[in-house]
Amino acid sequence: MAILALHDVSKSYGSTHVLSQISLSVEAGEVVVIVGFSGAGKSTLISLLAGLDQPDSGRVSFRGKPVRAPGPERGVVFQNYSLLPWLTAFENVELAVEQVFSHWPKAKRLAQTERFIGMVGLEHARDRKPAQLSGGMRQRVALARALAADPEVLLMDEPLSALDALTRATLQDGLERIARTSGKTIVLVTNDVDEAILLADRIIPLSAGPAATLGPEFLISIPRPRERRALNHSPEFRRVRTQVVDYLLSTKRAPSAERAPLAAALSAITLEPST
Amino acid sequence: MNQKYLEISQLGKSFPTPTGPAIIVKDFNLVLAEGEFVSVIGHSGCGKSTVLSIVAGLTESSDGAVILAGKEVLEAGPDRGVVFQAPCLLAWLSALDNVKLGVDQVFGKKTNKERIAIASHYLALVGLGDALHKRPAELSAGMRQRVGLARAFALSPRLLLLDEPFGMLDSLTRIELQDVLLELWAHDKKTALMVTHDVDEAVFLSDRVVMMTSGPEAHVGEILQVPFARPRNRHQLMESPELYELREHLVGFLEDQAHSSPPSLSAPKARRSSFWDLLRSRTVG
């Protein structure tokens with residue numbers, strides 16, 4: 001049975017129709033990556049799965065039960081980190097551990113916090129506050145916080161999009177390791193097709209909004225561990241990359257026909273400067 | 001065709017600091033043929049934007065010279081169209097008026113009607129034929145950068161300078177705009193110099209990719225010839241194993257540079273100066 005599912009879900013904000021009749025079924029232990037343009041409705045999708053927002057129509061369910069509010073079984077990592085600025089890296093993680101494992105003795109909670117601070121390689125920076133950390137380090141704290149609460153599903157909303165290319169590559173490799181070794185069910189949304197192929201068992205493109213729908217799914221069978229440079233030599237990587245990009249660009253061009261005048265304009269006019 | 005349309009010779013840029021000059025760029029040499037599209041890639045802060053800015057005439061060089069179509073570049077001018085990372089549109093003007101502002105400067109001899117036609121023509125080319133009268137706030141980030149492209153091309157510049165033109169866009173919108181840029185470029189056959197750190201973008205658009213070493217004293221490390229015929233088709237290119245060999249080569253160069261990069265400029269080697277010590281003690285205390 002699916003661990004997390006959307007059934008025919010639609011969502012609007014005011015007069016803007018964001019998501020249209022989305023159905024998605026995520027199996028336990030699976031890594032599903034949703035790829036789409038900025039503004040397509042990816043964050044809305046994550047908010048619905050997290051229970052931070054409710055659909056206008058359709059249902060969201062976790063293990064067959066309706067999702068009505070956020071819960072510790074569904075951890076969320078946001079693009080903007082959402083750390084508490086007055087707490088240190090360690091305390092930010094500890095806070096989540098205390099919430100979820102309040103019945104544990106204090107020593108066990110501290111050990112859990114330390115384990116996950118270590119897992120993301122932040123022992124040296126554990127006593128620093130978010131303002132004293134780089135963007136990449138902040139996102140690692142957010143990741144440690146989400147994982148330390150031991151959720152059944154990890155929901156990630158463009159976790160790496162705010163980072164520079166080098167830091168992003170490093171953290172992608174970290175996420176690849178987590179996806180491979182933690183056994184967690186992961187739903188990640190991103191606009192980066194390479195990132196999607198590196199991490200996913202299954203890629204589902206979200207068409208360009210408004211009224212975005214899910215496109216055809218792509219199963220990724222490239223064996224793990226996946227290594228960024230080796231992917232360049234994988235025919236499957238090349239094929240999926242092309243198909244996902246082709247599909248997403250087609251959702252943007254076809255309906256609006258916004259580029260139709262181009263060919264006509266190209267042949268019609270040639271302009272020379274008058275000087 | 002002029003094989004030496006743009007010549008950048010022994011270009012250097014340094015800034016004075018209390019511990020002696022900080023040399024950002026040294027001995028940068030590059031020659032572009034007319035109609036050629038060349039990209040410069042390198043890590044953040046290596047000095048690639050400095051080179052572009054000197055060619056644009058927005059920054060003065062410390063050494064060497066830039067010669068465009070036989071004339072030395074000494075200041076900014078409308079013969080060089082620049083597209084920045086942020087399109088820098090005037091918020092109170094429509095897309096059309098933003099483009100027309102430059103057109104009015106360059107095509108002062110034409111009638112107002114003709115100038116409007118030029119501006120609308122280029123906005124139609126970038127797919128904004130339906131959005132001529134929208135203001136920047138009503139446009140998405142991708143659409144605003146389309147206006148930026150239209151504005152640069154509408155001036156019919158001799159040389160197009162692009163400084164990470166799609167750096168602020170998500171990776172899919174970036175791909176979309178690369179297609180738009182490539183069509184515009186193929187239409188007008190402009191000589192173009194682009195700075196980027198996106199390896200895919202560099203390969204897809206360029207005839208040659210210049211790899212810059214990490215600063216200080218940054219210079220041309222290696223030049224990669226991109227063998228794909230034009231007009232290029234993204235779909236075909238993305239499936240070609242050759243593309244991925246070029247990609248891997250470029251990423252490899254960047255990774256090597258990242259590992260071998262010397263200490264950053266913000267931490268001068270010899271901190272003898274009492275001024276710096278004073279400043280440091282003040283900030284720490």
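Predicted model: local features only at pLDDT ≥ 70, side-chain atom pairs only at ≥ 80, totals over all residues.
How exposed is R229(A), and what is its relative accessible area? R229(A) is partly exposed, with a relative accessible area of 29%, where buried means under 20% relative accessible area, exposed means over 50%, and partly exposed covers what lies in between, with a 1.4 Å probe and protein chains only.

Before I go on, a word on conventions. Residues are numbered from 1 along each chain as its sequence is written, chains are lettered from A and ligands numbered from 1 in the order in which they are written, and side-chain values use heavy atoms, with hydrogens and water left out.

Let me stay with R229(A) and turn to salt bridges. A salt bridge here is a side-chain nitrogen of Lys or Arg within 4 Å of a carboxyl oxygen of Asp or Glu, and over all chains the structure holds 31 of them. R229(A) forms one with E248(B), with the closest N and O atoms 4.0 Å apart. This pair joins two chains, because R229(A) lies in helix α7 (residues 228–231) of chain A and E248(B) in helix α8 of chain B; helices are DSSP runs of H or I with at least four residues, strands are runs of E with at least two, and both are numbered from the N terminus. E248(B), at 18% relative accessibility, counts as buried.

A second salt bridge is formed by D194(A) and R247(B), whose closest N and O atoms are 2.4 Å apart. That pair also crosses between chains, going from helix α6 (residues 193–199) of chain A to helix α8 (residues 241–260) of chain B. D194(A) counts as partly exposed at 22% relative accessibility, whereas R247(B), at 10%, counts as buried.

Within chain B, the side chains of R146(B) and E176(B) meet in a salt bridge at 3.3 Å, N to O. The two partners are 30 residues apart and link distant parts of the chain, R146(B) sitting in helix α4 (residues 141–154) and E176(B) in helix α5 (residues 171–188). Both ends are buried, R146(B) with a relative accessible area of 3% and E176(B) with one of 4%.

Next, helix packing. Two packed helices are described by the angle between their axes and the distance between the axes. In this case the axes are lines fitted to C-alpha atoms over the stretch in contact, and the angles run from 0 to 180 degrees between N-to-C directions.

In chain A, helix α2 (residues 89–100) and helix α4 (residues 135–148) pack at an angle of about 25 degrees with their axes 8 Å apart. They are therefore roughly parallel to each other, a label given to angles under 35 degrees, with over 145 counting as roughly antiparallel, 65 to 115 as roughly perpendicular and the rest as oblique. On the α2(A) side the contact, which means heavy atoms within 4.5 Å, is made by A89(A), N92(A), V93(A), A96(A) and V97(A), and on the α4(A) side by V141(A), A144(A), R145(A) and A148(A). By class there are 7 nonpolar, 1 polar and 1 charged residues in this contact, where Ala, Val, Leu, Ile, Met, Phe, Trp, Tyr, Cys and Pro count as nonpolar, Asp, Glu, Lys and Arg as charged, and the others, Gly among them, as polar.

In chain B, the axes of helix α2 (residues 95–106) and α4(B) come within 9 Å and cross at roughly 25 degrees, and these two helices are therefore roughly parallel as well. Here A95(B), N98(B), V99(B) and V103(B) of α2(B) meet V147(B), A150(B), R151(B) and A154(B) of α4(B), a contact that divides into 6 nonpolar, 1 polar and 1 charged residues.

Finally, the backbone. Most residues other than glycine have a negative phi, and most peptide bonds are trans. As for phi, D150(A) has a positive value near 50 degrees and is partly exposed, with a relative accessible area of 44%.
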